[in-house]
Amino acid sequence: MSDTTELIRAATAPSSPPPPDKVRSLWSDAFHVLRKRPVVIASTVIIVAMIAIAAFPGLFTSEDPEDCRLERFFGSPSAGHWFGFDQFGCDYWSMTMYGARPSIVVGLVTTVLIVVVGGVLGAIAGYYGGIWDTLVSRVIDVFNAIPFVLGAILILAIWRSAGDTVWPTILALAVFGWPVTARMLRASFIEARGLDYVHAARSLGASDRRLMFRHIFPNAMAPMMSGVPLMIGGLIEAEATLSFLGLGLKPPAVTWGSMISNNVATLISGHPLLLIAPATFLLATTISFALLGDAIRDALDPKLR
Amino acid sequence: MGRYIIRRLLQAVLTLFLALFLLHYLTTLSIQINGNPAYAFFGAQITPTPAQLQTVSELYHTDHPCLTQPGNPCFGNFFDTMKRYAEGDFGKDLRFRPVTELVAERVPNTLRIFAVSTTVWALAGIGLGMVAAMRREKFMDYFIRLGTIVFGAVPIFLVVLGLKYVAGVWFGGWLRENLGEENALSIIFLPSFDDQHPWLTILVPGVALSVIGAAGIARLMRTSMLENLRADFVRTAKAKGLKPGRVMLAHTLRNSLIPVITLIGLSFGGALGGAVITEGLWNVRGVGQLVFNAVRQNDTPIVIAVVTMLVITFLLFSLLVDLLYAVLDPRIRYE
Amino acid sequence: MRATRVIALAVATGLVLSACGTSGDSGESKTDGTITLSMGTDPGHTLPPDGTESVSSTLINMVYDGLFDYDTSGKLVPVIAEAVPTSTDNIHWTIKIKSGLKFQNGEAVDAESFVRAWNYGAYGPNAMGGNSFYSRIKGAADMVSEDPDGPDGPKTAPEPKAKELTGLKATDATTIDIELEKAFSGFPTMLGYLVFFPMAKACLDAVDACKEKPIGNGPFQLKTWDKGVALTIERWEDYAGTKPAYKTLTWKIFPDGAPTFPDFEAGQLDMEAVPEENYQSAKGTYGDRMLEVPTPSLSYIGFPLYDDFYKQKEVRQALSLAVDRDLLNEALYQGRYTPATSFSPPGIIPGAIADTCGYCKLDVDKAKELLAKLPGGGWPEGKKLKLWINTAASGANEKWVKAFGDQVKQNLGIDYEYELVEWNAYLAKTQAHEVDGPYRLGWSPDYALIENYLTPVWGGGAANNRSGYENPEFTAALEAGDTAPTLDEAILKYQEAEKILGEDMPGIPMFYSTTATVVGERLDLDSVVINPVLGGADLRLLKLK
């Protein structure tokens, strides 16, 4: 939804980007504003912590999440086992730590894919126009005709048995996620193409590549980049939803999404921590990304300052 | 104008063709990799004889030899499928019910849930966005923005499951005890959809569904308002001495709504994704529930058929909108 | 049976017997009242020869009457038949039926109505789900034909040689003569199953219409069917048997995955299956209004005996010995299920006894001993135990397979991995002997005889069962059971056959599930009689308070 917001903004509210020499100051200005805001500090700390957990889960727990001993089923929290044990007697704190990785990886890698694929295609279409634009626009139309979540459900329903890797989920989300970014960047490029400084650079003999990367890209980036944290948060959320539908990662892989959906019922059966723990980590992450993204967007939006 | 319309039509045909081929290819791969859906018809306790399997395969149109060769795009099959689509045959589910029939009987409820969620979502989003803009950088502004963002970041299935117990069982139970079973309020807070009261019982899931996009729309409204509050025409109006209330309503609000309305139109795709979960968990017999069930019962051809129908609808709809724009909007010249 | 049947296994048979009542009809007298139940999906196979899947069978059992019924102990009770038939050679059977009975459209229920229904079901091209049940009758093989190049090939199967079973005749209006291919002493027991119910001529003349509105001969007739929403049946006032004590029964459709228990808790439902997570609280809240009944649904792990590694008996026995079934039952099912010590459910299905399986208990030392006998002196280094499971969205099956794998890992130090396969492919692959590791499956009985747990699952020779199990002794024991002069003698033979399974371990029986059902205040608790063989409450007997 927030992607759509971006799209609308790109399409309906053409802004006049600042001249190129002020780009750096726009970003540094933004940084200046941002680093003082408590919301930003708090969400950054949480995000950094979550990424650290995802990168090195072993640093945060010495237990093996796959060492499940049935006799410990629903064991209560204790000193070495902060979240107790789940129904299979697996250490829940260590599951929560190891479960961070797939969620964060899905969020980050999918975003990179979307930004790169959508960005490059959008840039090509917007800059060169003509046949390139027509081609890319048609492809965008085709993928855009299939709603994002439904498309992902469809792909994962087909590749359901793909096993315990994150790739099917990442691909499914990326395949139907890139058109929005591509459209946004295409619009930015078309807009920038006609601007004075681009004409000036071209008349000075700048090459296409130089024009694209040195002059237009930095300006077109701003609206796209400010959407990135929101996108990451949204994708982590989408992964959890797909897991809930039974379409996410397969066991024995553990993700926050699957931990939540496997333990939704424990809220009633008297082991609420099994739901609350992964839900808290998931929500802390998605909310932090959303708040950070919102703050960055505010800071980068020249019209609101 | 004529040329534009022809070009737009050709474009639509091409897009439709490509999108249908994409879906066809996904279906084909699914059968090539996952096996003949006819097996699901028989289940684990029956070993079908080849003849039985053949009969069922023919009914599902999964008897084409190219469906056993992974990677083969099955062009021949594609044209057969297109022919069937053209005749209005979108296949059958595992119980031999035509998908068209399944979808048709479910459209009203999906429209209902969309009507509720869009109304709530648009009104709440616009209202909150307006308040936030007018109280810019004040407590209410922060509160609204934080609140909508936090709500928007909660996965929809948690919202729906939470509501099921909080609103349906606990609060609803209290209402039914104190107001009686037949009271409208008691019915609204039932824990699942009831076909006898389609409008009342769809309110709660409708509100749940609207949570998805509230943050986006509130934000857009706020930004849009802020831009307009500073726009020249608003300043002029103020300078002319118009009453603040009139300026707000006639000038600022009206102009701020334009991008918001575009967003509402564009959000149906996203809402459909949320409807799969909401309808599935609230037992609303809608198109989303059809997908939810098909996913749970491994009836992949149904998922594909429903998505195909949505794609066709979506493309026809956007074609219509574009053509209407071309006819109605004097500013658009496409030559 | 069908996909839904197995999905239903996951939630146990609860969905079928769950019931709920609306409360708007308090003005009516109780015999004219309405009971509302929930149903997992629309019935899709409403013709008796096709009704092998649980939801459809629930409807068929209300709308149709058969030759026999099963009582709660699984014994055969004549309904339309005059008596349980006997046979001197177990090949020729003669069944006398009561005269004067009618279908709901006025047609007579005569011998011909059975013959026509069975012929319809046995004819391959009709693709009836119960097709294989007629295969014991003479001439059944000629009613199905082989596709020359398999189901995926371009050629279509030729028309079968015959359209009628040669071994089936209606000699007069009340006599059915049956000749079997081979002797089978348990044959009458099969006849209580709904694929042997009669069909009216009008039904076969317009099959599609009859699927939408069954022409039954039972105590209820279909009134309205709003697909995906509700299905209502009403008492048939001309029914000759015991009339039900209520008038209308509505099934509200709650597709699998949509929670129903909140609706019960909200007072909307009178009877409902208790989901596992609600079990503890429901037990406290509802006390004796919660009924717990063991079901005959067996969950088991099958071995691919066509695989060289699993051909080794020791491997199969050791894996079974490594699992603490009681602990698994405690951890996963609050100790409510019955850990399996046999291949058929004792106490529910006639002939089934406990402790036929010598390796269905935890004995880690013995398991290690057995593994040490393997050629390499133990489980091959680095070989992972590959567990095949289907991708069930509900996760109920994945759950116990995970616990099984964890136990093997913990007790024998063997690491495991999953091979997840989509349901269609899973069925196809297990059938085609393409899986290379233990696979998960379940089995629910079609008719109340121990034989139903043996022949269809493990018998018939290596090509015919999913495991590829074949042991001449086992086949001989089954044969001896089939040809035994009386059912009691036959059962003894079947039990011997089961003991052979218990030594060979072509699969690991894990547990029999138990359902918990809560009964709401509107229903008379005493009228809720759960028939384990039917897999749920006998809905015909329900009474309103």
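Colleague: In which sense do strand 1 and strand 9 of chain C pair, parallel or antiparallel?
Modeller: Strand 1 (residues 34-39) of chain C and strand 9 (residues 248-253) of chain C pair in the parallel sense, over six bridges. Keep in mind that this is a predicted model.

Colleague: Which residues stand opposite each other there?
Modeller: Thr34(C) stands opposite Thr248(C) of strand 9. Thr36(C) has Thr250(C), also in strand 9 of chain C, as its bridge partner.

Colleague: What sheet does it belong to, and in what order do the strands run?
Modeller: The sheet is open and has four strands of chain C in the order 1-9-8-7, with mixed pairing. Strand 1 and strand 7 (220-226) of chain C stand at the edges; each has a single partner strand, so one side of each lacks a neighbour in the sheet. On average, neighbouring strands of this sheet are turned by 20 degrees against each other, direction ignored.

Colleague: Which helix packs on that sheet?
Modeller: Helix 3 (residues 54-63) of chain C packs on the sheet and touches strand 1, strand 7 and strand 8 (230-235) of chain C. The direction of helix 3 makes about 140 degrees with that of strand 7 of chain C.

Colleague: And the sheet of three strands in chain C, what is its order?
Modeller: The order is 4-6-5, in an open sheet with antiparallel pairing. Here strand 4 (92-96) and strand 5 (168-172) of chain C are at the edges, each with a single partner strand, so one side of each is left without a neighbour in the sheet. Neighbouring strands are turned by 25 degrees against each other on average, direction ignored.

Colleague: How many bridges join strand 5 and strand 6 of chain C?
Modeller: Four bridges, in the antiparallel sense, between strand 5 and strand 6 (residues 175-179) of chain C. Asp172(C) stands opposite Thr175(C), which is in strand 6 of chain C. Helix 4 (residues 111-122) of chain C packs on this sheet, touching strand 5 and strand 6 of chain C, and its direction makes about 170 degrees with that of strand 5 of chain C.

Colleague: Changing topic. How many residues does each of chain A and chain B give to their contact?
Modeller: Chain A gives 40 residues and chain B gives 50 residues. On the side of chain A that touches chain B, the elements giving two or more residues are helix 1 (2-12), helix 5 (130-144), helix 6 (148-158), helix 10 (208-244) and helix 13 (273-300) of chain A.

Colleague: Which of those gives the most?
Modeller: Helix 6 of chain A gives the most, with eight residues. By class, that side of chain A has 26 nonpolar, nine polar and five charged residues.

Colleague: Where does UniProt place transmembrane regions in chain A?
Modeller: The unreviewed UniProt entry lists residues 39-60, 104-127, 139-159, 165-185, 216-236 and 273-296 of chain A under "transmembrane region". In the model, residues 39-60 of chain A are 77% helix and 0% strand, with the end C-alpha atoms 25 Å apart. Residues 139-159 of chain A are 81% helix and 0% strand, and their end C-alpha atoms lie 23 Å apart.

Colleague: And in chain B?
Modeller: For chain B, the unreviewed UniProt entry gives the feature "transmembrane region" at several stretches, including residues 12-33 and 113-134. Residues 12-33 of chain B are 100% helix and 0% strand, with 31 Å between the end C-alpha atoms. Residues 113-134 of chain B are likewise 100% helix and 0% strand, with end C-alpha atoms 31 Å apart.

Colleague: What domains does chain B have?
Modeller: The domain assignment gives domain 1 (2-86) and domain 2 (99-297) of chain B. Their centres, taken over C-alpha atoms, are separated by 37 Å.

Colleague: How many residues of helix 10 of chain B are buried?
Modeller: Zero of the eight residues in helix 10 (residues 232-239) of chain B, which is hardly covered. Gly241(B), with a positive phi near 90 degrees, follows helix 10 of chain B.

Colleague: Last one: why does Gly80(A) count as exposed?
Modeller: Because Gly80(A) has 10 C-beta neighbours inside 10 Å, and the cut-off for exposed is 12 or fewer. Gly80(A) is in the loop between helix 3 (38-55) and helix 4 (92-128) of chain A.

Definitions and conventions. Residues numbered from 1 in each chain as written. Chains lettered and ligands numbered in written order. Predicted model: local features only at pLDDT ≥ 70, side-chain atom pairs only at ≥ 80, totals over all residues. Buried ≥ 20, exposed ≤ 12 C-beta atoms within 10 Å, placed from the backbone. Domains from an automatic or database assignment. Contact = placed C-beta atoms within 7 Å. Nonpolar A, V, L, I, M, F, W, Y, C, P; charged D, E, K, R; others polar. Pairing = 2+ DSSP bridges. Axes fitted to C-alpha atoms, helices over the stretch in contact; angles between N-to-C directions. UniProt positions renumbered as here; feature names shortened; annotations may be inferred.
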